[in-house]
Amino acid sequence: MWEQIRSNQVRSVILIALIAGLLLAVGYFLGLYFFDSAVGGLVIALVVWAIMSLIAFYQGDSILLGMAKARKIKSDDAPRLYNVVEEMKIASGLEKMPDIYIIDDPALNAFATGRDPSRASVAITTGLLQKLSRDELQGVIGHEIAHIKNRDVLLMAITSVMLGTIVILSWYASRFLLFGAMTGSGRRTSSRGGGGGAQAIILIVGLVLMILAPILAQLIYYAISRKREYLADASSALYTRYPEGLASALEKIGGSTRQLKSANQATAPMYTVNPFRKEGMKAADLTSTHPPISERVRILRSMAGGASLADYNDAYRKVRSGKQGIISKNAAAAVGAVGIRQASLSVPGELGLAPGKAAGKAAPGTHDASDIMLRLDKWRTVDCECGARWKIPPGFRDNNILCTRCGRRIRL
Amino acid sequence: MLALWIVLGIVVILILFIIGAYNGLVGFRNQVKNAWAQIDVQLKRRYDLIPNLVETVKGYVKHERETLEAVTNARNLAQKASSAGAAERGKLEGALGAALGRLLAVAEAYPDLKANQNFLALQEELTSTENKISFSRQYYNDSVLKFNNKIQMFPSNVIAGMFSFKIGEFFEVTVAAEKEPPKVSFT
């Protein structure tokens, strides 16, 4: 596992270096145009980048959670969710329990955030919480915990800040350049009249770079993000020992076309599935933060032999019919053979415990989740003698209600 | 003079290697210890949950005294052995798990019990505790495997021998009932 993270870090570092190179190049040309010195431009690029990094590092998770309108919950509010997160925390060997947030949205999604594993958060929408069985929830939470454990959150924060800096700088620079060229009052043209052909070439190269840099940076960013998604899927299968859980959860999520209201392009890579996905996205789609769901499901379902990283790697190669796997060979072989466990609902678990049947468990779960949300909004519940449960909104003033099921009056 | 420097260089590299390998081994050993503590927490949690479960179930299942007693006995035995080694504990915890499984299987036949909120909450807690036990066991065994690999593989095995690191013991839960097929009698 540690080897796998390290080998991936090497690849990620190369990609980050590429983005950083783009950022510096943009700064360099910026300096040449506006200050007659490359150093000035580099300094501006670095200062903008440093400020944005500091904000992202110290405030990133609260900004993200705030934008998603997420609410923090305790173990009593959602026992099952809390338990599942704790299970995955244990399975992954994370040192500290992450904070758990709920997003009040019928869309099906979840995300993880936090700059390092010791101060991380996972958030899940109420829609998803209601839809998933215990095994499926485990798969999704395993995926999010894997993002934390593999330090994807930090990695994506670093890259997205660099991307953002490039976008901002080149946007302003290209606007100024175009404006200057149109009015004919640009500093470049007036300060040194006889620059000659070399000067013109630099100007054109710079302009092209300014226009291409944001696009290139975005493509690199997407490439990193997609790689990380596969890795998180593989880790989730390893933690849960049950790839089918995540596969069927992804299928449920893929079946829904609701888009998350509170997501935007910058926060998209943090989610389990791309919140802006459209129908029929292809595998070779370079402009997506996430691999297509159908492919992720097919890889997980092809893990016939076991739940280890090596098994995921084999499945990945089979499905994508390529030679290269997603995880390096040494890393995949580091942990020995890992078996897939049985579905937890129908078959006694490893310790011989037989939990309730699938149907019996899923039904109360759906109600529980919405009840929790209502309780958070200060709704009260009252049980009628006929077995119906009534939910009372916070502003309700009467001291009794009529049970429309049996006709009794219930005192509050 | 040059030879002296070369010898000195080799000695420094050797010392650095020994320090690195030793610290690595200690790190792995601490990870194993920590993983073991995680299992312990969950096993204790299960000991605490069982009396509650037995109390709740008692009122509903009048004719299953043996099953209930088996669970209580298995729990007490396992708790008593809580300072024993991994192999010994694994056997007792396996027996407890099997007894619990039987109790919950019996509970399926009592609809009143399954409608009890308290029982449902306990069932979720127990299911989760069982999962946590197996996940922490999974993590513990992975850690032990890595630690043992380090101890036995060259070159770190030399350092392990010098400072007498002992290989870790896997935590295997043996469930007797799982190995033999269920008996079905048509009488």
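## A helix crossing and a covered strand

In chain B, α1(B) passes α3(B) in a left-handed crossing, meaning that the near helix is turned anticlockwise from the far one by less than a right angle. This is a predicted model, in which local features need pLDDT of at least 70, side-chain atom pairs count only at pLDDT 80 or more, and totals for chains, interfaces and linings use all residues. Residues are numbered from 1 along each chain as its sequence is written, chains are lettered from A and ligands numbered from 1 in the order in which they are written, and side-chain values use heavy atoms, leaving out hydrogens and water.

**The helix pair in chain B**

- Helix α1 (residues 2-58) and helix α3 (residues 86-107) of chain B have axes that come within 12 Å and cross at roughly 30°.
- The two helices α1(B) and α3(B) are therefore roughly parallel, a label for angles under 35 degrees.
- Contact (heavy atoms within 4.5 Å) involves residues including B:Trp36, B:Leu43 and B:Ile50 of α1(B), and B:Leu96, B:Gly97 and B:Leu100 of α3(B).
- By class, this contact of α1(B) with α3(B) has 10 nonpolar, 1 polar and 4 charged residues; Ala, Val, Leu, Ile, Met, Phe, Trp, Tyr, Cys and Pro count as nonpolar, Asp, Glu, Lys and Arg as charged, and the others, Gly among them, as polar.

**Strand β4 in chain A**

- Of the 5 residues in strand β4 (residues 121-125) of chain A, 5 are buried, that is, under 20% relative accessible area with a 1.4 Å probe, protein chains only.
- A:Ser121, A:Ala123 and A:Thr125 lie on one side of β4(A), with A:Val122 and A:Ile124 on the other.

**Its partners** (strands pair if DSSP finds at least two bridges between them)

- Strand β2 (residues 99-103) of chain A pairs with β4(A) in the parallel sense over 5 bridges, and A:Ile100 stands opposite A:Val122.
- Strand β3 (residues 110-113) of chain A runs antiparallel to β4(A), joined by 4 bridges, and A:Ala110 stands opposite A:Ile124.

Methods: Buried means under 20% relative accessible area, exposed over 50%, partly exposed in between (1.4 Å probe, protein chains only). Axes are lines fitted to C-alpha atoms, for helices over the stretch in contact, and angles run from 0 to 180 degrees between N-to-C directions. Angles under 35 degrees count as roughly parallel, over 145 as roughly antiparallel, 65 to 115 as roughly perpendicular and the rest as oblique.
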